[in-house]
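I opened this one to see how one end of the chain packs.

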Amino acid sequence: MRHIAIIGSGPAGYYTAEAAQKLWGEDVQVDIFDMLPVPYGLIRTGVAPDHQSIKAVYRRYETTSLSGNVRFVGNVMIGNDISVAELQELYDAVVLATGAPHDKPVGMPGEDLGNVFGSAAFVGWYNGHPNFAELNPDLSGRNAVVIGNGNVALDVARILAKTRTEYAGSDIVAHALDSLEEAKTAKITVLGRRGPHQIAMTPKELGELGHLARTSPRVDPADLPELGEDMLLEPGQRKSVTHLRNFAAIPEGDRAAKAIDLEFDFFAAPRAILGEGKVTGVEVERTRLEQGRAVGTGETYVVPADLVVICIGYQTSPIAGVPFEESAGRFANLDGRILPGLYCVGWARRGPSGTIGTNKPDGFGIVERIAEDIGGGARKAGGAGFDALAAERELQVVSFTDWKKIEEAENARAREDSPREKFVRVDEMIGAVKG
Ligand code: NAP
């Protein structure tokens, strides 16, 4: 028997558990820890609420959880309730699958002004993450600015752009839906420090902007490279750029019928966030590309802003005693190995890139390395040892069966057109377990 602890119940954690089951069958016991009483990490609180088909992958993780040798151990904060060193005493391998839940620091003057948010907080707010349920962004202003040209910037811009009716079928939480319905947004500016060929937005998601009820996307034709240059792009990127070309070609008359103008401002590097107490604008420097890099031209201007969401990428949270690579925002590791018996996987290993599916080979790879390192295993106390310690410390551990009660309660209170209404506070979740 091998005993494996996985910290984090998102995609990387669950694919690692699945790989351990495939390799060792019944000769492994896996405990998947999460600080929240609810599983699935990024799938629950990161993936956009109007992208339910992507979220459906949780069913695969559920199958893993329902097999006999994988346990969900929720509501346990590593580093607070139990240390990594203590877990290493109990398990043959400890795998950090903690994702990248924090924003990369932007280091810009004014970033602390009111109504300026990082994407982790803003996405967490509309997705019901308990840490951000009280964010209360003020959406009463006309001008929203989204910084970044990645898929998260795209998610945030689309969420601001949709009508209540367009949220049918989504699981956006009620507090966000109500605020968005009351919002007075008329202009969403998406700032990209480079050009249309350098966006990090996938075509399917970008194409959605062309079909919104009250919002029209806008691209300045002058920002687009010569059409022939698109042939140099890989096919997915070429499709994305084709969407931008289509947006540039929308007639002004068609735009006039839409209440919200969603403008892609390319070659636009944010330099400072302006305002007193609360944001009023973003100072931007025009850029040009030099060998693929954005270089400032010295020309600056101000984009009016009542709300700013900074979507420039994420980083992993450091854990005391675990080597961390600051510059890359992930644990210092060699192919997932951090220290003897301590591993990392997914975004915690390689930084926040790739799709959910990228975590599958990652999980299978780390299990192969663990197998090389621990061989026959069978040396440690595993879950029984953890249970004894949890009882001694009076931890309120949430099991997978408990989670199913939370899920049932969330499904039961769903709006008519929604699969679930998430609990957004930990005490509500625990309350649902107790019934
Ligand atoms: P990302 O893909 O790394 O994009 C970050 C964006 O921020 C880039 O456009 C980058 O520009 C820009 N940026 C970075 N530093 C900046 C600065 N100081 N000033 C201005 N702009 C700056 O990160 P993400 O959007 O957070 O996405 C993270 C991962 O999740 C990605 O792999 C993404 O594809 C994935 N994701 C996928 C989906 C989906 O498939 N539906 C949805 C959400 C997220 P440069 O290129 O110039 O550096």
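I looked up what covers the buried residues of α16, and the cover includes α2 (42-45) and α15 (400-412). The model is a predicted one.

Which residues of α16 are buried? In this helix, which runs over residues 426-434, I found Met-429, Ile-430, Ala-432 and Val-433. I then viewed α16 down its axis. The buried residues fall within an arc of 155°, so they line one face of the helix. I counted a residue as buried when its relative accessible area was under 20%.

I also checked what follows the helix.

Next, the whole protein. I noted 16 helices and 19 strands. Along the principal axes, the C-alpha atoms fill a box of roughly 70 × 50 × 40 Å. The radius of gyration is 23 Å; a compact globule of 435 residues would have one near 22 Å, so the two agree.

Burial came next. Of the 435 residues, 54% are buried. The protein exposes about 18,500 Å², and carbon and sulfur atoms supply 52% of that area.

I took contacts between residues at least 6 apart in sequence. Of these, 74% join residues at least 24 apart.

Last, charges. How far apart are the mean positions of the positive and negative charges? I have 46 positive and 60 negative charges, and their mean positions lie 3 Å apart.

Definitions and conventions
Residues numbered from 1 in each chain as written. Predicted model: local features only at pLDDT ≥ 70, side-chain atom pairs only at ≥ 80, totals over all residues. Heavy atoms only, no water. Helix = DSSP H or I, 4+ residues; strand = E, 2+ residues; numbered from the N terminus. Rg over C-alpha atoms; globule rule 2.2 N^0.38 Å. Buried < 20%, exposed > 50% of the residue type's maximum accessible area, 1.4 Å probe, protein only. Contact = heavy atoms within 4.5 Å. Areas by Shrake-Rupley, 256 points an atom, 1.4 Å probe, with all protein chains shown as cover. Lys, Arg positive; Asp, Glu negative; His and termini not counted. Charge placed at Lys NZ, Arg CZ, Asp CG, Glu CD. Arc of directions from axis to C-beta.
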